[in-house]
Amino acid sequence: MTNSMTAFANSEMDFENLTINCELRSVNHRYCDITLKLPERFRYAEADIRHAISDKLKRGKIECNLSFKKHSQAQQKLSIDIDAVSALLSTTGSIAQLMDQPRPFRLWKYSHFLEYKLRSKATKPLY
């Protein structure tokens, strides 16, 4: 007897200051055809998500919608890594000493490093 491959699943998970929602739909299909709809913030994880789905499902037309909702500012807790800030300031001080005309350090110019650090923490498997 053939089992139906039509299915629907929805799950939600809190991760740092986000609530991540994942919705999966599948219908019968001869091959494994995975369609991902991801916010730009999660594009870096597309290959990992495809791999996780294809490890569990061998065939079917599968649609995965991933969305997120930021928690309000009142729910967010700001934590500061004092060691990282100290290392950053020490390094910028050393660089300033090497420069002929040092310029003042502006943290906002380096905020993409903070985004990278958050992204690197999120590279843990989502499943």
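**Close-up views of a predicted model**

**View 1. The largest nonpolar core of the predicted model.** L18, I20, I34, L36, L38, F42, A45, I49, I53, I62, C64 and L66 together form the largest nonpolar core, which holds 12 residues in all. At least two residues of this core are supplied by each of β2 (18–27), β3, α1 and β4. Strand β4 gives the largest share, 3 residues.

View 2. When neighbours within four places in sequence are left aside, C64 is in contact with C22, E23, L24, T35, L36, K37, I49 and I53.

**View 3. The aromatic pair of F42 and F68.** The structure holds 1 aromatic pair. The ring centres of F42 and F68 lie 5.5 Å apart and the ring planes stand at 90°, so the pair is classed as edge-to-face. Distant parts of the chain are linked by this pair: F42 is in the loop between β3 (32–37) and α1 (46–56), whereas F68 is in strand β4, and 26 residues separate them. In general, the distance of the centres and the angle of the planes are what describe a pair of aromatic rings. Are the two residues buried or exposed? F42 has a relative accessible area of 6% and is therefore buried, since buried means under 20%. F68, with a relative accessible area of 30%, is partly exposed.

**View 4. A nonpolar patch on the surface.** I80, I82, V85 and L89 form this patch, and together they have about 380 Å² of accessible area. Where is I80 placed in the chain? I80 is in the loop between β4 (60–70) and α2 (82–98). The relative accessibility of I80 is 56%, so this residue counts as exposed; the cut-off for exposed is over 50%.

**View 5. The protein chain as the setting of the close-ups.** The secondary structure consists of 3 helices and 4 strands, and from the N terminus on the elements follow the order β-β-β-α-β-α-α. The chain has 127 residues, of which 17% count as buried. Its accessible surface comes to about 10,500 Å², and 55% of that surface belongs to carbon and sulfur atoms. Among contacts between residues at least 6 apart in sequence, 65% join residues at least 24 apart.

Terms used:
Residues are numbered from 1 along each chain as its sequence is written. This is a predicted model: local features need pLDDT of at least 70, side-chain atom pairs count only at pLDDT 80 or more; totals for chains, interfaces and linings use all residues. Side-chain values use heavy atoms; hydrogens and water are left out. Patches are made of residues with over 30% relative accessible area and no salt bridge: like charges are joined within 9 Å, nonpolar side chains (Val, Leu, Ile, Met, Phe, Trp, Tyr) within 5 Å. Accessible areas come from the Shrake-Rupley method with a 1.4 Å probe; for residues, only the protein chains shown count as cover. A salt bridge is a side-chain nitrogen of Lys or Arg within 4 Å of a carboxyl oxygen of Asp or Glu. Buried means under 20% relative accessible area, exposed over 50%, partly exposed in between (1.4 Å probe, protein chains only). Contact means heavy atoms within 4.5 Å. Rings of Phe, Tyr and Trp (its six-membered ring) pair if their centres lie within 6.5 Å; planes under 30 degrees apart count as stacked, over 60 as edge-to-face and the rest as tilted. A nonpolar core is a set of buried Ala, Val, Leu, Ile, Met, Phe, Trp, Tyr and Cys residues joined through side-chain atoms within 4.5 Å.
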